[in-house]
Amino acid sequence: MYQKNRFSLFIHINTLYYRINKIEHLLELDLSRMDTRVNLYTAIKIWDMLKCNRLLA
C-alpha cells in the first residue's frame with residue numbers, strides 16, 4: 001500500500017512508517033480506519049479553502 005507513496009516522496013519505507021506512526025501519535029488518531037482518513041482529508045481541504053479565501057490568518 002505504501003510503496004507507491006514512498007517512491008513519490010523519495011524516502012525509505014521505514015521512514016514512511018515512522019512518519020505515519022508519528023502523525024498518529026501526535027494527532028491521537030488511527031489512520032488505518034477509513035473514517036479517520038476521510039475526516040482528516042476533509043479537514044485539510046476545508047483548511048486550504050479557508051486560507052485560499054483569506055478567511056484564516
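This report walks through the helices, loops, core and charged residues of one predicted model.

In this predicted model, local features need pLDDT of at least 70 and side-chain atom pairs count only at pLDDT 80 or more, while totals for chains, interfaces and linings use all residues. Residues are numbered from 1 along each chain as its sequence is written, and side-chain values use heavy atoms, with hydrogens and water left out.

**Helices and loops**

Let's begin with the helices, which are DSSP runs of H or I with at least four residues, numbered from the N terminus. Helix 1 covers residues 3-9 and helix 2 covers 13-27. Helix 3 takes in residues 34-52, 19 residues in total. From first C-alpha to last, helix 3 reaches 27 Å, close to the 27 Å expected at 1.5 Å a residue; the expected span is 1.5 Å times one less than the number of residues.

Most residues other than glycine have a negative phi. Which residue with a positive phi follows helix 3? That residue is R54, with phi near 55°. F10, in the loop between helix 1 and helix 2, is not a glycine and yet has a positive phi of about 60°. E28 sits in the loop between helix 2 and helix 3, and its phi is also positive, near 55°, in a residue other than glycine.

The table gathers accessibility for some of the residues discussed here. Buried means under 20% relative accessible area, exposed over 50%, and partly exposed in between, using a 1.4 Å probe and protein chains only.

| Residue | Relative accessible area | Class |
|---|---|---|
| F10 | 77% | exposed |
| E28 | 72% | exposed |
| L27 | 45% | partly exposed |
| R33 | 44% | partly exposed |
| D35 | 41% | partly exposed |
| T36 | 13% | buried |

L27 belongs to helix 2. Between L27 and R6 there are 21 residues of sequence separation and 21 Å of space, C-alpha to C-alpha.

**The nonpolar core**

A nonpolar core is a set of buried Ala, Val, Leu, Ile, Met, Phe, Trp, Tyr and Cys residues joined through side-chain atoms within 4.5 Å. The largest one has 5 residues: I11, I13, L16, I20 and L31. Of these, I11 has contacts (heavy atoms within 4.5 Å) with R6, L16 and R19, once its neighbours within four places in sequence are set aside.

How many salt bridges does the structure hold? There is 1, where a salt bridge is a side-chain nitrogen of Lys or Arg within 4 Å of a carboxyl oxygen of Asp or Glu. D35 and R33 form a salt bridge, with their closest N and O atoms 2.8 Å apart.

E24, in helix 2, is buried and has no salt bridge. Its nearest side chain of opposite charge is R37, 7.8 Å away; here Lys and Arg count as positive and Asp and Glu as negative, while His and the chain ends are not counted. Setting aside neighbours within four places in sequence, E24 is in contact with L29, D30, L31 and S32.

T36 is found in helix 3. The T36 side chain reaches the backbone oxygen of D30 at 3.5 Å. Not counting residues up to four places away in sequence, T36 touches L29, D30 and L31.

Conventions:
Helices (H or I, at least four residues) and strands (E, at least two) are DSSP runs, numbered from the N terminus. A polar contact is a pair of N or O atoms within 3.5 Å; within protein, one must be able to donate a hydrogen and the other to accept it, and residues adjacent in sequence count only if both atoms are side-chain atoms.
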